[in-house]
Structures are given as C-alpha cells and as structure tokens.
Amino acid sequence: MKHKICFFIIGAFMMPCAAFAATTCSQMNLTRCLDSVCAINVSSNPAARCQYCGTSSAGTPPTKSGMRSLSLGASARYTLSEDELESAPTDPGQRYVWATEQCIKKVSGCTADDVSDVYDELIEQSCRAAGVSAQMATTIADANKNTATESGCLSTIRACMVVANRCGPDYSQCADDASFNNFFSACSVESPDCGEFVSNVRTTLIDARDTAIANAEALINNIVASYQANREQQLALAQQTCTDNSGRNACVETVCSRNMPNQCGPGFESERVNANLLCEFYTVACELLD
C-alpha cells in the first residue's frame, strides 16, 4: 500500500508544479471527461466503454460520431473535443492510459487512482454487455412466440430469460442454479406449447449462461492484468527517478523557473535552497519506496 501511495505522490509532482494546495477530485467531472474519450455513442452502444478503453476482444467500435450528443449539456471544460480526440490511441489499453493522463490534467485534484475507482467498474459493466451483444441480436431476430418448434421455443424462452428483471442480458442474475431454475420455470409456463422441447432448451440455455459468465470473467481478468502491468511499469519508472535523483532535480529546476523571481540564478542561492525545501517530499517518498 505504501508503494502505491508514494508512486502517485511522485507521479503527481513529475507534472508542472503550478500549485501546492490539495484539491478535492470531482468524480462527476472526472467521469464526464473519461466518457468523452471512452463512451462515444454509449446510449446506442452499451459496449462502447469496453471497446474504446477496455479490450480489443470486445470488438471494434463503430466509426466515431455523435460526440455532440454525448457532450450535450456537459461543460466543455471537462470534456475532450473531437479535435483533441484525433490524438487518442486506437488500442483500448493505450487509450485508457491516454484518457487518464488527459483527464487528470483537466479535472483538478484527481489522480490515476481516482480514475480507477471511478471508471473501472463502468468498463467492466460495458464488457459484460459486449460479451452478450451478438447473442442478444440473434435473440431479437429469431424470437417467434407463435412457432412451436425447438428453435422457436428456444428463442422465445431465451428472450423471456434475459430481460433485466430476470437473468439479465449477461446472465449475471442467474449465476446460481436456484435463480436460473426459478426464472426458467416462469418462462416455460409462459410458453405452454413448448413442453416437449423444454428439457433441450434448458440444457442449451444453461450452456449459454455458463459461457456468458466465463467470457465476462475472462474479459475482466484481461483488463485487470493490463492495468496491473501498466501500474508496475509506472512504479518502476518512479523508482528509477529515485535511483538517479532525476525526479527531485527536475522538481527543483521547475520550481526555480516558475516560482522564484530570479530563477535561482547566480547570487540568489537562497532561492535554490527554498526550491530544494519545496521538493523535499521526493526524499521522503523515495525512502518509502525503498
């Protein structure tokens, strides 16, 4: 835990030292900013956050459009414009890192930890939607309650099962057999002409449930692994700034150039002394990283 805290202390001060007072992170504004990068057209594409900033396994997002509708009513101060998004990476993992960097600059007081706390769960929810989007499209297209065939009964009962107040489209509310059996019984009763196919339909839907849950877990595990690798890489970079003292030196030079009237020039050694004192937090942080 100390490693994690100290790393982000160092990371924050590797950015230009414009102010030293602590600022509370606005989670609402941070989410608005991240959504402007990762949730394009989310109202019509629930998988957007996963596709843009989660994993390439979720598929390629549609051609960019609809940014105006996404940002409507939101302050442009906390969102990225379409021009700014031209520089955004297309790889989901890199785009997440890029969005983090841009948004902690736009929203004062926020850190990479705040991004993780605010946004990782939204990406996970989106990835669950991505995992079942193809199946749901088939369900809607094939549903036909008036055809008493095994295929028709499968479509009918499946459509009944995956509504929000039963299993849900990702089957997450039927992860345990008791819940699944309860909803399946109710849906079977609503399809009285499907009696001879119920057993096969039940087997097929159990397999579909198990696959959906396994796929969702795999997607989330991939995301968590990529985030962990990125954090470890950044921690190694922070440790390197302690080893060669480059972080502290850079802090001193920044404070001299931006905060000292004479920029710590010849004859003004007192300014450099004050700059060193302001950057003393590097010494404390690096001791904790050892």
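1. A disulfide joins C33 to C103, with an S to S distance of 2.1 Å. The model is predicted. The torsion about this S-S bond is about -90°, so the disulfide is left-handed. The pair links distant parts of the chain: C33 sits in helix 2, C103 in helix 6, and 70 residues separate them. Both C33 and C103 are buried.

2. C50 and C127 form a disulfide, their sulfur atoms 2.0 Å apart. The angle about the S-S bond is 95°, and the link of C50 and C127 is right-handed. C50 lies in helix 3 and C127 in helix 7, so the pair ties together parts 77 residues apart in sequence. C50 is buried, as is C127.

3. Next, the link of C256 and C264. This disulfide has an S to S distance of 2.0 Å. At -85° about the S-S bond, the link of C256 and C264 is left-handed. How accessible is C256? Its relative accessible area is 1%, so C256 is buried. C264 has a relative accessibility of 6% and therefore counts as buried, the cut-off being under 20%. In total, the structure holds nine disulfides.

4. On the overall fold: the chain has 13 helices and zero strands. From the N terminus on, the elements run α-α-α-α-α-α-α-α-α-α-α-α-α. Of the 290 residues in the chain, 40% are buried. Take the contacts between residues at least 6 apart in sequence: 65% of them join residues at least 24 apart. The accessible surface of the chain is about 15700 Å², and carbon and sulfur atoms account for 52% of that surface.

5. Now the packing. In soluble globular proteins, nonpolar side chains tend to be buried together. Here the largest nonpolar core has 34 residues. L30, L34, V37, L80, L85 and I123 have the most contacts inside this core. Which helices each supply at least two residues of the core? They are helix 2 (27-38), helix 3 (48-53), helix 6 (92-106), helix 7 (112-142) and helix 10 (198-243). Helix 7 gives the most, with six residues.

6. I123 deserves a look in the viewer. Leaving out residues up to four places away in sequence, I123 touches R49, C50, C53, G54, Y96, I223 and Y227. One of these, C50, is bonded to C127 in the disulfide of point 2.

7. Helix 11 spans residues 246-259, which is 14 residues. From its first C-alpha to its last, helix 11 reaches 19 Å, close to the 20 Å expected at 1.5 Å a residue. Its buried residues are G247, R248, C251, V252, V255 and C256. An α-helix has 3.6 residues a turn, so residues three or four places apart point the same way.

8. The side chains of R248 and E280 meet in a salt bridge, 3.0 Å from N to O. R248 lies in helix 11 and E280 in the loop between helix 12 (269-278) and helix 13 (281-289), so the pair ties together parts 32 residues apart in sequence. R248 has 14% relative accessibility and counts as buried. E280, at 33%, counts as partly exposed.

9. The count of salt bridges comes to seven. In one of them R166 pairs with E190, the closest N and O atoms being 2.9 Å apart. R166 lies in the loop between helix 8 (150-161) and helix 9 (177-189), and E190 in the loop between helix 9 and helix 10, so the bridge ties together parts 24 residues apart in sequence. Buried or exposed? R166 counts as buried at 18% relative accessibility. E190 is partly exposed, at 48%.

10. R209 forms a salt bridge with D177, with 3.0 Å between the closest N and O atoms. R209 lies in helix 10 and D177 in helix 9, so this pair ties together parts 32 residues apart in sequence. R209 is buried, with a relative accessible area of 5%. D177 counts as partly exposed at 46%. Salt bridges that share partners join D177, R209 and D210 into one network.

Terms used: Residues are numbered from 1 along each chain as its sequence is written. This is a predicted model: local features need pLDDT of at least 70, side-chain atom pairs count only at pLDDT 80 or more; totals for chains, interfaces and linings use all residues. Side-chain values use heavy atoms; hydrogens and water are left out. A nonpolar core is a set of buried Ala, Val, Leu, Ile, Met, Phe, Trp, Tyr and Cys residues joined through side-chain atoms within 4.5 Å. Buried means under 20% relative accessible area, exposed over 50%, partly exposed in between (1.4 Å probe, protein chains only). Helices (H or I, at least four residues) and strands (E, at least two) are DSSP runs, numbered from the N terminus. Contact means heavy atoms within 4.5 Å. A disulfide is a pair of cysteine sulfur atoms within 2.5 Å. Accessible areas come from the Shrake-Rupley method with a 1.4 Å probe; for residues, only the protein chains shown count as cover. The expected span of a helix is 1.5 Å times one less than its number of residues. A salt bridge is a side-chain nitrogen of Lys or Arg within 4 Å of a carboxyl oxygen of Asp or Glu.
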